[in-house]
Amino acid sequence: MMTLEQKNIIGIIGGMGPQAGLDLFKNVLLHTPATIDQNHLSTILMSFPREIADRTSFLEGHILENPAYSIVRIIEKLEFAGANIIGMACNTSHCPEILNVIENELKKSASNVKLLNMPIETCKYLKKKYKKYSKIGLMTTNGTYKTGLYKNLLEEYNFTPVIPNFHFQDTIINRMIYDRDYGIKASIHREHPELVLLINKAIAFFKQHKVDAIILGCTELPLAFNQKHIKDISFIDPADILAKALVREAKQKANTLANILHT
């Protein structure tokens, strides 16, 4: 017999980029307490990268197509397939210029899914688990950088965001993500000397500014970081935190429904 927990289905919007969606699914599996196959949560991963325009290109004005509409169409597919708890494997898609359109479109269509917010979940997690932390460094795409998404949230949660100037952001951090020859999106080879050099320059910047932690605010950045921390600095992976939240939400929904049925 199917349990209440198994009736909740997690939906993952992948393709932003494809490896990030796979990584989020992997983290959902890792954070699900299971001793047999049947203990795992039902999950649907939809990875349609060709259908979703680049989020940073839109936010920087290089393209006019808002990727929000393609994301909504994928959410509709996930809901039709039975998913009711949704996570987007992309930090930049949570910027207001994109997320607000997604939420408005879902409201207009009377969607019943619950869309979790990765940056908010990340800041909540930081506040709960790292109460002594103060200065938080940010590595993000240029799109997320320019909208101030994480900066504004961190300040709301009483952290001090540490952000490089835009020249450093553009030539070091965004380049390690987008460079066509050795960026994370371009290659599965994580040991390219140019990529390693950029990573080390970025870490050196944050070390110099004495941060307590660095948010890897592009879902593909954690793929290039083999460690969870270095001396005196923790690396915060929002996709890992979102995975925990998706598992938590699936279990909470099951408990809530069980309580209703027993009252």
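This report describes strands, helices, a pocket, a cavity and selected residues of a predicted model.

## Basis of the description

The model is predicted, so local features need pLDDT of at least 70 and side-chain atom pairs count only at pLDDT 80 or more, while totals for chains, interfaces and linings use all residues. Residues are numbered from 1 along each chain as its sequence is written, and side-chain values use heavy atoms, with hydrogens and water left out.

Helices (H or I, at least four residues) and strands (E, at least two) are DSSP runs, numbered from the N terminus.

## The four-stranded open sheet

Four strands form an open sheet in the order E2-E1-E3-E4, with parallel pairing. Strand E2 (42–46) and strand E4 (114–115) are at the edges; each has a single partner strand, so one side of each is left without a neighbour in the sheet. Two strands pair if DSSP finds at least two bridges between them.

Strand E1 (residues 9–13) is joined to E2 by five bridges, and the two run parallel. Within this pair, Gly11 stands opposite Ile44 in E2. Helix H2 (residues 18–30) packs on the sheet and touches E1, E2 and strand E3 (85–88); contact means heavy atoms within 4.5 Å. The direction of H2 makes about 155 degrees with that of E1. Axes are lines fitted to C-alpha atoms, for helices over the stretch in contact, and angles run from 0 to 180 degrees between N-to-C directions.

Strand E7 (residues 213–217) is mostly covered, with five of its five residues buried. Buried means under 20% relative accessible area, exposed over 50%, and partly exposed in between (1.4 Å probe, protein chains only). Ala213, Ile215 and Gly217 point one way from E7, whereas Ile214 and Leu216 point the other way.

E7 pairs with strand E5 (residues 135–140) through five bridges, in parallel, and Met139 stands opposite Leu216. E7 also pairs with strand E9 (residues 233–236) in the parallel sense, over three bridges. Here Phe235 in E9 is the bridge partner of Ile214.

## The second largest pocket

The second largest pocket has a volume of about 330 Å³. Its lining comprises 18 residues, of which Asp54, Ser57, Tyr178, Arg180 and Lys185 lie nearest its centre. By type, the lining residues divide into five nonpolar, seven polar and six charged. Ala, Val, Leu, Ile, Met, Phe, Trp, Tyr, Cys and Pro count as nonpolar, Asp, Glu, Lys and Arg as charged, and the others, Gly among them, as polar.

Helix H3 (55–59) and helix H9 (166–178) each supply at least two residues of this lining. The largest share, three residues, comes from H3. On a 1 Å grid over the protein atoms alone, a pocket is an open set of points with protein on both sides within 12 Å along at least five of seven lines, a cavity is a set where a 1.4 Å probe fits but cannot get out, and lining residues have an atom within 4 Å of a point. Grid points are joined across faces, edges and corners, and a volume is the space filled by probe spheres set on the points.

## The cavity

The structure holds one cavity of 30 Å³ or more. The largest cavity contains about 60 Å³ of space. Among the residues that line it are Met16, Arg55, Thr56, Tyr178, Lys185 and Glu220. Four nonpolar, four polar and three charged residues make up this lining.

## Backbone geometry

Most residues other than glycine have a negative phi, and most peptide bonds are trans. A cis peptide bond joins Met16 and Gly17, with omega about -5 degrees; Gly17 lies in the loop between E1 and H2.

Asn158 has a positive phi, near 65 degrees, and is found in the loop between helix H8 (149–156) and strand E6 (160–162). Asn158 counts as exposed because its relative accessibility is 62%. Lys210 also has a positive phi, near 55 degrees, and lies in the loop between helix H10 (193–208) and E7. Its relative accessibility is 64%, so Lys210 counts as exposed.

Asn174 is in helix H9 and counts as buried because its relative accessibility is 9%. Not counting residues up to four places away in sequence, Asn174 touches Thr141, Asn142 and Gln169.

Ile120, in helix H6 (residues 118–129), is partly exposed, with a relative accessible area of 29%. Ile120 touches Leu153 and Tyr157, again leaving out residues up to four places away in sequence. The C-alpha atoms of Ile120 and Leu154 are separated by 9.1 Å, and the two residues are 34 residues apart along the chain.
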